[in-house]
Amino acid sequence: MAGGNPAAAYRHEALGSVASTNLSAMERAEAGDPGLLWITADEQTGGRARRGRNWISERGNLYASLLLVDPAPLAAVSSLPLVAAVAVHGAISSMMAGHGSEVAIKWPNDVLIDRKKVCGILLEARKLADGRFAVVIGIGINVGFSPEGTPYPVARLADYVAGADSDVLFAHLFEIMADELSIWDGGRGLGRTVSRWRAAACGINERITINLAREQVSGLFAGIDDAGMLKLETEEGTRTFAAGDVFFDNNKNG
């Protein structure tokens with residue numbers, strides 16, 4: 001997007017309690033919404049995480065979904081998780097300015113503070129009845145509340161920033177996501193997005209384990225390739241992965 005403020009093209013609808021902001025956004029798409037629409041909610045009663053897991057959605061956190069319609073050729077859509085992660089990393093880093101804690105991205109799109117998960121991102125896509133292709137970027141960020149009993153360490157912004165507020169955080173995210181999508185430019189700027197992701201990455205050159213549907217693979221995390229796939233140096237050679245759950249072997253974070 002040449003010149004001006006990319007965020008000016010986006011709209012925002014704030015809701016109270018919803019089943020899921022992703023579901024609400026997809027319903028707008030099915031009703032004909034042209035996209036570039038943010039849906040936020042005070043709480044979710046049916047929030048979802050990757051692989052169908054529940055996402056606990058108490059009041060006090062940020063629950064936001066961005067609807068994009070026909071954002072890029074289908075081959076390029078798979079790199080949107082990188083864009084989302086870089087944008088969330090930027091928004092949280094803005095809130096954390098002046099703090100010594102590390103804000104970083106765990107592949108592909110978890111955002112961590114000091115190796116503790118503070119954000120989950122879930123992308124969902126669907127071809128609409130009218131032939132358009134809808135993508136929803138769902139983002140849940142722990143601001144005032146963090147879940148208990150998770151298999152990995154978690155954080156909340158309130159532990160680091162006095163008076164951390166989800167509305168202020170969303171204002172940062174609204175602007176930064178528009179900038180990052182403009183840089184990505186429908187996939188044409190993927191190289192720049194990958195560079196920005198690498199600069200924020202956590203755990204490169206560390207030993208990790210990737211949990212897949214039918215196997216676990218361990219090795220040295222060698223970063224991501226130019227398409228955003230994880231590169232793992234194993235005893236059998238370099239392997240690349242398009243999806244999987246990453247765990248750091250040093251047990252700093254799951």
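Me: Is Glu-235 buried or exposed in this predicted model?
Reply: In this predicted model, Glu-235 sits in the loop between strand S10 (230–234) and strand S11 (237–241). Exposed means over 50% relative accessible area. The relative accessible area of Glu-235 is 81%, so Glu-235 is exposed.

Me: How far apart in space are Glu-235 and Gly-219, C-alpha to C-alpha?
Reply: Glu-235 belongs to the loop between S10 and S11. Along the sequence, Glu-235 and Gly-219 are 16 residues apart. In space, C-alpha to C-alpha, the separation of Glu-235 and Gly-219 is 7.5 Å.

Me: What distance separates the C-alpha atoms of Gly-163 and Gly-138?
Reply: Gly-163 is in the loop between S7 and H4. Gly-163 and Gly-138 are 25 residues apart along the chain. Their C-alpha atoms are separated by 24 Å.

Me: Where does Ser-93 lie, and what is its relative accessible area?
Reply: Ser-93 is part of helix H3 (residues 80–95). Ser-93 is partly exposed, and its relative accessible area is 25%.

Me: How far from the C-alpha atom of Ser-93 is that of Ile-113?
Reply: Ser-93 lies in H3. The chain separation of Ser-93 and Ile-113 is 20 residues. Between their C-alpha atoms the distance is 9.4 Å.

Me: Which peptide bond is cis, and what is its omega?
Reply: The proline concerned, Pro-108, is in the loop between strand S4 (103–106) and strand S5 (110–113). The cis bond runs from Trp-107 to Pro-108, with omega near -5°.

Me: What is the phi of Asp-114?
Reply: Asp-114 is placed in the loop between S5 and strand S6 (116–127). With a relative accessible area of 33%, Asp-114 is partly exposed. Although Asp-114 is not a glycine, its phi is positive, at about 50°.

Me: What is the phi of Leu-36, and where is this residue?
Reply: Leu-36 has a relative accessible area of 28% and is partly exposed. Leu-36 is not a glycine, yet its phi is positive, at about 60°. Its place is the loop between helix H1 (21–30) and strand S2 (37–44).

Me: Is Pro-6 buried or exposed?
Reply: Pro-6 is in the segment before strand S1 (11–18). Buried means under 20% relative accessible area. The relative accessibility of Pro-6 is 9%, so Pro-6 counts as buried.

Me: How far apart are the C-alpha atoms of Pro-6 and Ala-201?
Reply: Pro-6 precedes S1. Pro-6 and Ala-201 are 195 residues apart along the chain. Their C-alpha atoms are separated by 25 Å.

Me: How many residues of domain 2 are in contact with domain 1?
Reply: The protein is divided into domain 1 (6–200) and domain 2 (206–248). The C-alpha centres of domain 1 and domain 2 lie 23 Å apart. In the contacts between them, domain 1 takes part with 13 residues, and domain 2 with 19 residues.

Me: Why is the protein said to be as compact as a globular protein of its length?
Reply: The protein contains five helices and 12 strands. For 254 residues the globule rule gives 18 Å, and the protein is as compact as a globular protein of that length because its radius of gyration is close to this value, at 18 Å.

Me: What share of the contacts between residues at least 6 apart in sequence joins residues at least 24 apart?
Reply: Of the 254 residues, 51% count as buried. Among contacts between residues at least 6 apart in sequence, the share that joins residues at least 24 apart is 65%.

Me: How far apart are the centres of the positive and negative side chains?
Reply: The protein exposes about 11300 Å², of which carbon and sulfur atoms supply 48%. Its charged side chains comprise 24 positive and 30 negative ones. The centres of these two sets are separated by 3 Å.

Notes
Residues numbered from 1 in each chain as written. Predicted model: local features only at pLDDT ≥ 70, side-chain atom pairs only at ≥ 80, totals over all residues. Heavy atoms only, no water. Helix = DSSP H or I, 4+ residues; strand = E, 2+ residues; numbered from the N terminus. Rg over C-alpha atoms; globule rule 2.2 N^0.38 Å. Buried < 20%, exposed > 50% of the residue type's maximum accessible area, 1.4 Å probe, protein only. Contact = heavy atoms within 4.5 Å. Areas by Shrake-Rupley, 256 points an atom, 1.4 Å probe, with all protein chains shown as cover. Lys, Arg positive; Asp, Glu negative; His and termini not counted. Charge placed at Lys NZ, Arg CZ, Asp CG, Glu CD. Domains from an automatic or database assignment.
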